[in-house]
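Here are a few friendly notes to read alongside the structure. Take them one at a time, and keep the picture open as you go.

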Amino acid sequence: MQIPVTTSGRIHPYHPKMRPRLFLRVCGARHCAIAAALLVAAANALAQNSAILTNNGEPLRIPYACREDDLQWAGMSCNEDEPCSIYFEINSFVPNGRKIFLAGNLHSNSATLSSVLLMSEDAGATWKEPAARVRGAALDLAQFYDLEHGWAAGETQYPLPRDPFFLVTTDGGASWRQRPVGEEGSAGSVQRFWFDSAKHGELIIDGGRTSSSGRYLLYESETGGESWMIRSKSDALPNLRRAPPTAENADWRIRPGKDGKSVQLEQMANGKWTPVSSFLVEITKCKIQAGELKEPEQPAAAQAAPPDEPLPKTPAPQPRRKR
C-alpha cells in the first residue's frame, strides 16, 4: 500500500488540491483569529489528552473526530459516496529513559490536518497526547537534551510551509508550550535543529528556492527555545557547529508493519529487533451526512393565563391622636 504523505513525508510529493477556509476577522482585528484558534486548541486538548491508548499487541488507532468545521477548513468534502481517509504519519521519535516520544501529523490525501505528539511513560505499554494538536501543522523533528528538557519542531503546512514553531517542555514532557521562530507569516520549514545544552540550540530553516535573501536561515537560541535570533542567510546549507553528524538512534527504528496497514516502532535488544508498539496508518474514514431540512415547528397555542390573584390590601394608616 502506498501511503499518502505530507510535505514532511518521503514517499511522493504533496500537492494540495483545495484551499482551506480561513478564520474571518469579524471583530476587525487579528485578536479574533488568535482567540478562535486558542478555543479550538483548548477543545482539542481536552478531548485528546483524556484518551489513553493501551498497547494490547494490535496496532493502535490515533483518535480523530470527523468534525465538520475541521474538514471544511481543510477544503474537504466527505460523504457516504466519497469518504475522506485520514492518515497518521510519524516523522520523528525520541526515547528518553522509560519515556518515548513520537512526533508527526494527521493528514488526508489533500491536506495536513494537525500535528500530533505522542508520549509513553511505560516503555510503550500506554500512550497519550501531552500537547494540544496544532491545526494545519506537522511536527518534523524532536530532541531531548536530558530527562527534563525537550523540543519538538514543526511548521504550518498550507499553502506552503510557513510559521515554523517549537513545542518546548522543561518538565520531562508532562506539559508543552508553543513558541514561534520568526515573524508571523514567514515562509519556511524546519530543516534541522540541535540543542547542545538545556539553554543553547541552533536551527536551520529552509525558506524555499524563491527566498530573496537566501534559501537557508540559521537561527540561534540562548533561552532553551523560548526565543530565537537569526544569525545568517545563505543559499548553501549551513552546518550546526555543535551537532553530531546524525541524530538518529541506531537502537531504535520505525518500519512498515507486516499487515501493510500499520507502522511499527522497534528497539534493538539482545541482538534482535523487538516490537515496542505499532500504529495504524489509516485511522478513519470521514463521512459527513448532509443535515436534513426540517419544517419549523409551529408554536404551541398560547394557554389562557390564569386570572391574576388580587393583591392583598394594605391597611390604611390610622390618624394620629392629638395629645
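Predicted model: local features only at pLDDT ≥ 70, side-chain atom pairs only at ≥ 80, totals over all residues.

**Notes on the sheet, the cores and the confidence**

1. Strand 15 covers residues 262–269 and pairs with strand 16 in the antiparallel sense over 8 bridges. Both belong to an open sheet of 3 strands, ordered 14-15-16 with antiparallel pairing. Strand 14 (252–256) and strand 16 (272–280) are at the edges with a single partner strand each, so one side of each has no neighbour in the sheet. On average, neighbouring strands here are turned by 30 degrees against each other, direction ignored.

2. Next, the inside. The largest nonpolar core has 31 residues, and those touching the most other members are Ile62, Tyr64, Met76, Phe88, Leu118, Trp127 and Phe279. Elements that each supply at least two residues to this core include helix 2 (68–73), strand 15 and strand 16. Strand 2 gives the most, with 5 residues.

3. Leaving out residues up to four places away in sequence, its contacts include Pro59, Leu60, Ile62, Trp127 and Val263. There is also a second, separate core of 15 residues, with Phe101, Met119, Leu139 and Trp176 among them.

4. Finally, a word on confidence. The protein chain has a mean pLDDT of 82, and 74% of its residues reach 70 or more. Residues 1–41 have a pLDDT below 50, although this stretch has 64 contacts in the model beyond near neighbours in sequence. Residues 43–48 also stay under 50, with 4 contacts beyond four places in sequence.

Notes
Residues numbered from 1 in each chain as written. Heavy atoms only, no water. pLDDT = per-residue confidence, 0-100. Contact = heavy atoms within 4.5 Å. Pairing = 2+ DSSP bridges. Helix = DSSP H or I, 4+ residues; strand = E, 2+ residues; numbered from the N terminus. Axes fitted to C-alpha atoms, helices over the stretch in contact; angles between N-to-C directions. Core = buried A, V, L, I, M, F, W, Y, C linked by side-chain atoms within 4.5 Å. Buried < 20%, exposed > 50% of the residue type's maximum accessible area, 1.4 Å probe, protein only.
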